[in-house]
Amino acid sequence: MLLPGIGPKMAHLVMNVAWENVQGICVDTHVHRICNRLKWVNSTSSPEGTRESLQLWLPKEEWVAINPLLVGFGQTVCTPLRPSCGICNINHLCPSAFKDTPTKSSSSSRLTKKSSLSMAKKS
């Protein structure tokens, strides 16, 4: 971590890949976001805080596997702005399921307001 631009995530990744020496969990924004959504950690405010919290309870033999698992999941299903809770196989276990997804009523009311504004401008 003494090298410029190398933080905890990259340091742990290098230690694991180069020397097969697992010293910590590689936590990026996807892992951080999903662990907070699943309430696996206590509302951590940074990836480093998430790493520290995860390492307290996650068995060390799972530390390497958790990053690629959650990164892929975070890129395809549990995305930052509009998670696809409807197709998620664990939505019944997730305390945040369907909470970040805009409701139809809010979408339709926005459309109605937008249409009203357009009509008013034309008049």
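Predicted model: local features only at pLDDT ≥ 70, side-chain atom pairs only at ≥ 80, totals over all residues.

Mentor: A search of the whole structure finds one cavity of 30 Å³ or more.

Trainee: What volume does the largest cavity have?

Mentor: The search of the whole structure gives one cavity at a threshold of 30 Å³ or more. Its lining has 16 residues, and Phe73, Cys78, Cys85, Cys88 and Cys94 are the closest to the centre. The lining divides into 11 nonpolar, three polar and two charged residues. The volume of the largest cavity is about 120 Å³.

Trainee: Which element gives the most residues to the largest nonpolar core?

Mentor: That core has 18 residues, of which Ile25, Val31, Cys35, Leu54 and Leu70 touch the most other members. Two elements give two or more residues to this core, H2 and helix H4 (63-76). With four residues, the element that gives the most is H4.

Trainee: Which residues does Val31 touch, leaving aside those up to four places away in sequence?

Mentor: Val31 is among the core residues that touch the most other members. Beyond four places in sequence, its contacts are Cys26, Thr50, Leu54, Asn67, Leu70 and Val71.

Trainee: Is Trp40 buried, partly exposed or exposed?

Mentor: Trp40 lies in the loop between helix H2 (29-37) and helix H3 (47-57). Its relative accessibility is 33%, so Trp40 counts as partly exposed.

Conventions. Residues numbered from 1 in each chain as written. Heavy atoms only, no water. Buried < 20%, exposed > 50% of the residue type's maximum accessible area, 1.4 Å probe, protein only. 1 Å grid on protein atoms, 1.4 Å probe; cavity = no way out; pocket = protein on both sides within 12 Å on 5 of 7 lines; lining within 4 Å. Points joined across faces, edges and corners; volume = space filled by probe spheres on them. Nonpolar A, V, L, I, M, F, W, Y, C, P; charged D, E, K, R; others polar. Core = buried A, V, L, I, M, F, W, Y, C linked by side-chain atoms within 4.5 Å. Contact = heavy atoms within 4.5 Å.
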